[in-house]
Amino acid sequence: EAFNARVDAADALNAFLVKTPDHALAAADVADAARAAGEAPKPLAGVPIGMKDLFCTKGVATTAASHILEGFVPPYESAVSQNLWDAGAGMLGKLNMDQFAMGSSNETSAFGNVISPWRRKDGGNAPLAPGGSSGGSSSAVAARLCPGATGTDTGGSIRQPAAFTGISGIKPTYGRCSRWGTIAFASSLDQAGPMARDVRDCAIMLEAMAGFDVRDATSLQLDVPQWEAGLSADLKGKRIGIPKEYRVDGMPAEIETLWQQGIDWLRDAGAEIVEVSLPHTKYALPAYYIIAPAEASSNLARYDGVRYGLRDLPEGAGLQDMYAATRADGFGDEVKRRIMIGTYVLSAGFYDAYYTQAQKVRTLIARDFERAWEACDLLLAPTAPSAAFALGEKSADPIAMYLNDVFTVPSSLAGLPAMSVPGGLDAAGLPLGLQIIGKPLDEQGVLNAGL
Ligand code: GLN
């Protein structure tokens, strides 16, 4: 009831697209009844969480923050959300996001942007971006509207919003969380993960979310480790790599300071610090912005006015007219931009020049990491090249927006687990995030360094 009331009192943040107070209360009732019956509590017994609107929830409107899915009520539950309900959690509501998870500021939502609960201590009261695409999740957790929320990360959408709002978030190894029932953006990159107040809460939530699922062909057939029980802040014997190529030109001094602070913390915890090289880093962003749109253009072909949500059927129109009208009306500008880039790079004349090249670059980036693991166990880097920017500051310039993903996309392309944890505040009093990247399946190492 307290969380439902907080959610209601925070409408100005625009974090929730749909509120489901009864869902949260029902989970609390089940937890109470189990306690009264003397049963051992489930790991998330009665915990009310926020659900990013990319996860299909049975009987609860799901739009991916796009007009094209308005009116769509899924007849099924996503694997990740079902896993959370099975662990005892309840849902406060569906969280706003960048449309189809495309964006870094939440400004591509068809239902208005989310606002970060943070303000600069200098320079007035300009509303700040909560990051994206999981900006409803970051804003809601940062404003304490929920103890945890789900996010998805294709190229940084859990880590960058976590960094912008001073919370923690982890993207597990690709394949840890089932993608079944999660609305697809770029299938070879999409991963679900938790966003919460601290590392321990992330470990608890991720344990509930992860697990093999036969319905997702890329799901890893592995048991879920006991990450929470395995938490340890002792990093003795761990080698932490500092990738020198992440020292990009024009990196603000406060990001340098943050990074050095992180290095000092990890050294104090017993780790050995080593410099490593990831030589193909500078090609990661261009490769990502070919591969992700290519997959998106294919995944989004299904929104044709026939099967889901919106249908625009002009007077006397034929089938093609219906497709065109529905898609023109239903998709936002950024989504259309991605579809156009994606169909272009996949077209017969340009496939080899763009898509095939990008796939080769992806392999080189993955090999960079494999080589780095010979010298270190984990990598430490900033999560984003800046603190939260003002809403509107980058929305007219897609390239400036894409550049914000420079530190998060390489590990996405390589499918590695990566986490953002709060690293301190900048001169304006805004949070900055430190990123820890791990070997495949080493979520435990990532969480421990984050702790
Ligand atoms: N900002 C990146 C993009 O727009 C990443 C988004 C994401 O991880 N879903 O593609």
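## A glycine after α3

Glycine 88 follows α3 and has a positive phi, near 105°. Helices here are DSSP runs of H or I with at least four residues, strands are runs of E with at least two, and both are numbered from the N terminus. Before going further, note that this is a predicted model: local features need pLDDT of at least 70, side-chain atom pairs count only at pLDDT 80 or more, and totals for chains, interfaces and linings use all residues. Residues are numbered from 1 along each chain as its sequence is written.

Helix α3 (residues 79-86) is largely enclosed by the rest of the structure, because six of its eight residues are buried. A residue is buried if 20 or more other C-beta atoms lie within 10 Å of its own, exposed if 12 or fewer, and partly exposed in between, with C-beta atoms placed from the backbone.

Ala79, Val80, Ser81, Asn83, Leu84 and Trp85 are the buried residues of α3. They pack against β2 (48-52), β4 (148-153), β6 (191-196) and α6 (199-209), where contact means C-beta atoms, placed from the backbone, within 7 Å.

Strands pair if DSSP finds at least two bridges between them. β4 and β6 run antiparallel and are joined by six bridges; here alanine 149 has methionine 195 of β6 as its bridge partner. β5 (residues 168-171) also pairs with β6 in the antiparallel sense, over two bridges, and serine 168 stands opposite alanine 196.

## Where α8 meets α10

Helices α8 (residues 284-299) and α10 (residues 333-345) have axes that come within 7 Å and cross at roughly 95°. This makes α8 roughly perpendicular to α10, a label for angles of 65 to 115 degrees (under 35 is roughly parallel, over 145 roughly antiparallel, the rest oblique). Axes are lines fitted to C-alpha atoms, for helices over the stretch in contact, with angles from 0 to 180 degrees between N-to-C directions.

From α8, Ile290, Pro293, Ala294, Ala296 and Ser297 meet Arg338, Ile339, Ile341, Gly342, Thr343 and Val345 of α10.

Technical notes:
Two residues are in contact if their C-beta atoms, placed from the backbone, lie within 7 Å.
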